[in-house]
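Please keep the sequence and the structure in view while reading.

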Amino acid sequence: MSRVQRIALSMAAPVLALVVAGIITTVVLLMAGEDAALFWETILSVPESRNVVNILNSGSVLYLSGLAAAIGFRMNLFNIGVEGQYRVATFCAALFAAQAWLPGYANTFATLLVGMLAGAAWAGIAGLLRVTRGVSEVISTIMLNAIAVSLIAYLLRETGSRQGQTIVTDPIPEGSRVGGIALFSDSQTEVYGLIVVAVAAGIVFWFLVNRTVFGFNLRATGMSESAAVASGVNVKRMTLWAMLISGALAGLIGMPNLFGESYNFGSTIQSGIGFAGIAVALLGRNNPVGVAFGALIFAFLNEQANPLGILAGISPDIILITQGAVVLSVVIAYEVVRRYRQRLEQGAVADALDRERTSTEGATA
């Protein structure tokens with residue numbers, strides 16, 4: 001297969017998935033009696049400057065969530081508990097940062113580490129249950145999500161103070177806050193300063209998975225556990241490490257917002273980011289670049305959903321159907337392209353064998 005064919009096939013899967021998702025969404029809109037043309041006109045309109053900033057901010061958070069899920073998927077581990085790990089880590093980080101035991105940005109850096117450690121510790125519970133008792137990480141992480149919600153609600157009431165209608169932790173000191181990045185002169189909204197953490201996490205993720213022995217063992221175990229065991233990989237240890245790293249990445253999800261906008265942890269913490277990260281990871285095929293595109297697509301759809309009800313009179317909830325259709329279409333499209341690629345490769349091998357046999361017969365004649 002030529003290089004051009006490989007690139008074309010790589011591009012074909014996501015394009016096919018988006019086209020199929022668009023068709024499914026259009027059919028749903030028509031069945032519901034909505035104006036499909038107005039829907040797409042609104043969704044595909046060019047966002048304003050402040051909307052672009054919101055997309056980047058939301059995309060950075062979704063990207064971290066997607067990476068947290070992707071590291072587990074690379075090893076066939078389904079870490080459904082990113083949501084709980086993110087909540088526990090953000091709460092612990094907010095409590096630590098508010099104490100201001102360290103000055104300025106030293107407090108910021110230490111808080112990032114606290115968040116990663118808290119997320120890793122919460123995910124490590126599921127990892128230990130998996131390697132010591134054989135408990136499915138799907139079941140344990142789902143239960144840990146529920147425990148995390150109740151536990152954080154209780155601890156927040158015990159340690160926080162009422163601010164309006166919500167309960168919040170003490171604010172982090174001003175010297176530890178991270179200023180935003182002004183991208184547009186006509187917008188007062190700024191990009192989170194800690195968006196660089198998301199970029200750094202993506203680079204580290206790529207290096208860890210593709211350029212280290214750990215990453216090789218991780219991918220080998222994900223492809224075939226029995227083959228990995230035969231080659232000397234300690235699967236239990238890899239499972240535990242994968243869960244710890246996944247949890248550590250989940251611990252970073254709340255940091256851009258904590259240091260760039262909210263400055264405390266409150267009962268109105270955004271929910272669903274962990275679950276959205278799973279869809280983003282699937283859309284990005286667990287590749288850091290693909291996950292980045294997936295996160296931006298989801299952030300774009302979420303942001304463009306806001307004017308749907310006002311301009312088009314369509315419920316913004318239709319976006320959830322679009323996002324679900326995108327994920328489902330990705331799974332189908334990649335399988336179709338994989339089979340087509342396999343057929344091309346088999347055809348190329350058969351042609352090569354025919355040419356060799358013909359050449360051999362010609363030489364012996």
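Asn76 is found in the loop between α3 and α4; here helices (DSSP runs of H or I, at least four residues) and strands (runs of E, at least two) are numbered from the N terminus. The model is a predicted one, in which local features need pLDDT of at least 70 and side-chain atom pairs count only at pLDDT 80 or more, while totals for chains, interfaces and linings use all residues. Residues are numbered from 1 along each chain as its sequence is written, and side-chain values use heavy atoms, with hydrogens and water left out.

Most residues other than glycine have a negative phi. With 48% relative accessibility, Asn76 counts as partly exposed; buried means under 20% relative accessible area, exposed means over 50%, and partly exposed lies in between (1.4 Å probe, protein chains only). Ala100 also has a positive phi, near 55°. Ala100 belongs to the loop between α4 and α5 (104–133), and its 38% relative accessibility makes it partly exposed.

The view may now widen to the whole chain. The protein chain has 15 helices and two strands. Its C-alpha trace spans about 95 × 55 × 35 Å along the principal axes. Of the 365 residues in the protein chain, 44% are buried.

Gly72 sits in helix α3 and is buried, at 1% relative accessibility. Gly277 lies 205 residues from Gly72 along the chain, and their C-alpha atoms are 12 Å apart. Thr159 is in helix α6 (residues 137–159) and is partly exposed, with a relative accessible area of 38%. Between Thr159 and Leu95 there are 64 residues in sequence and 8.7 Å in space, C-alpha to C-alpha.

The next topic is charge. Side chains of opposite charge can pair when their charged atoms come close. A salt bridge is defined here as a side-chain nitrogen of Lys or Arg within 4 Å of a carboxyl oxygen of Asp or Glu. How many salt bridges does this rule give? The count is three. In one of them, Arg87 pairs with Glu83 at 3.4 Å, N to O. These two residues are four apart in helix α4, and therefore about one helical turn separates them. Arg87 is buried, at 13% relative accessible area, and Glu83 is buried as well, at 5%. Arg130 forms a salt bridge with Glu137, at 2.4 Å from N to O. Here Arg130 is partly exposed, with 28% relative accessible area, whereas Glu137 is buried, with 5%. Arg50 and Glu48 also form a salt bridge, their closest N and O atoms being 3.8 Å apart; Arg50 is partly exposed, at 45% relative accessibility.

The surface also carries a nonpolar patch, made of Val15, Val19, Ile23, Val27 and Met31, with about 490 Å² of accessible area together. Patch residues have over 30% relative accessible area and no salt bridge; like charges are joined within 9 Å, and nonpolar side chains (Val, Leu, Ile, Met, Phe, Trp, Tyr) within 5 Å. The areas come from the Shrake-Rupley method with a 1.4 Å probe, and for residues only the protein chains shown count as cover.

A pocket is an open set of points, on a 1 Å grid over the protein atoms alone, where a 1.4 Å probe fits, with protein on both sides within 12 Å along at least five of seven lines; lining residues have an atom within 4 Å of a point. A volume is the space filled by probe spheres set on the points, which are joined across faces, edges and corners. The largest pocket holds about 1,100 Å³. It is lined by 32 residues, and Gly284, Arg285, Asn286, Asn287 and Tyr334 are the closest to its centre. The second largest pocket has a volume of about 770 Å³. Its lining has 35 residues, of which Val61, Tyr192, Asn257, Gln270 and Ile273 are the closest to the centre.
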